[in-house]
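Have the sequence and the 3D view ready as you read.

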Amino acid sequence: MKKTIVTTLMILFIASASFATEETMAVDSHSYELTTYKVNPFCMAIIKGDLETVKKMIALGSDVNQRSDGKTPLMYAARYNRVDIIRLLVEEGAYLKARDSRGNTAMKFAELSNAKEAMAVLKELS
């Protein structure tokens, strides 16, 4: 009797598993927007503070006023307090009064980042 009950249960289990269908429903309860920023290699070298690479890239023809993600290289140097790079960029012809799409200058980026050395150098150079 026990064998019959166990066998019957096994058959029912196998039959129900073979007839089962798998249905996957994806529910997206979150709505978000992904924004990616693309900074060119010249500005990345400035952000990292790699003066030698910046010098090499200028020597190879990088434009000291070419915008990357809407900002000039001088704005990146001011934001990250890269005083030596600020001096180099201005010597190479970077525009001190250039503005981004929101009207910010390199000086404003230095102020927003509390980059005191950069503010002093920018005041000296303007």
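A residue counts as buried when its relative accessible area is under 20%, as exposed when it is over 50%, and as partly exposed in between, using a 1.4 Å probe and protein chains only. This is a predicted model, in which local features need pLDDT of at least 70 and side-chain atom pairs count only at pLDDT 80 or more, while totals for chains, interfaces and linings use all residues. Residues are numbered from 1 along each chain as its sequence is written, and side-chain values use heavy atoms, with hydrogens and water left out.

**Salt bridges**

A salt bridge here is a side-chain nitrogen of Lys or Arg within 4 Å of a carboxyl oxygen of Asp or Glu. Side chains of opposite charge can pair when their charged atoms come close. How many salt bridges does a search of the whole structure find? The search finds two, and here they are:

| Pair | N to O distance |
|---|---|
| Lys55 and Glu52 | 3.9 Å |
| Arg87 and Glu124 | 3.1 Å |

Helices such as those named below are DSSP runs (H or I, at least four residues), and they are numbered from the N terminus. Lys55 and Glu52 are three residues apart in helix H3 (residues 51-59), so about one helical turn separates them. An α-helix has 3.6 residues a turn, so residues three or four places apart point the same way. Lys55 is partly exposed at 39% relative accessible area, and Glu52 is also partly exposed, at 47%.

The other salt bridge joins the side chains of Arg87 and Glu124. Because Arg87 lies in helix H5 and Glu124 in helix H7, this pair ties together parts that are 37 residues apart in sequence. Arg87 is partly exposed, with a relative accessible area of 30%, whereas Glu124 counts as exposed at 52%.

**Where H5 meets H7**

The axes of H5 (residues 83-91) and H7 (residues 116-125) come within 9 Å and cross at roughly 25°. That makes H5 roughly parallel to H7, a label for angles under 35 degrees. The axes are lines fitted to C-alpha atoms over the stretch in contact, and angles run from 0 to 180 degrees between N-to-C directions.

Contact means heavy atoms within 4.5 Å. Which residues of H5 meet H7? They are Val83, Ile86, Arg87 and Val90, and their partners in H7 are Glu117, Ala118, Val121, Leu122, Glu124 and Leu125.

**Helix H2 and its surroundings**

In helix H2 (residues 41-48), Phe42, Cys43, Ala45, Ile46 and Ile47 are buried. The buried residues of H2 pack against H3, helix H4 (73-79) and H5. After H2 comes Gly49, whose phi is positive, near 80°.

Leu51 lies in helix H3 and is partly exposed at 22% relative accessibility. Leaving out residues up to four places away in sequence, Leu51 touches Asp84, Ile85 and Leu88. Leu51 and Arg82 are 31 residues apart in sequence and 8.9 Å apart in space, C-alpha to C-alpha.

**A loop residue**

Is Asn104 buried or exposed? At 17% relative accessibility, Asn104 counts as buried. Asn104 is found in the loop between H5 and helix H6 (106-112). Not counting residues up to four places away in sequence, Asn104 touches Met75, Ala98, Arg99 and Phe109.

Conventions. Helices (H or I, at least four residues) and strands (E, at least two) are DSSP runs, numbered from the N terminus. Angles under 35 degrees count as roughly parallel, over 145 as roughly antiparallel, 65 to 115 as roughly perpendicular and the rest as oblique.
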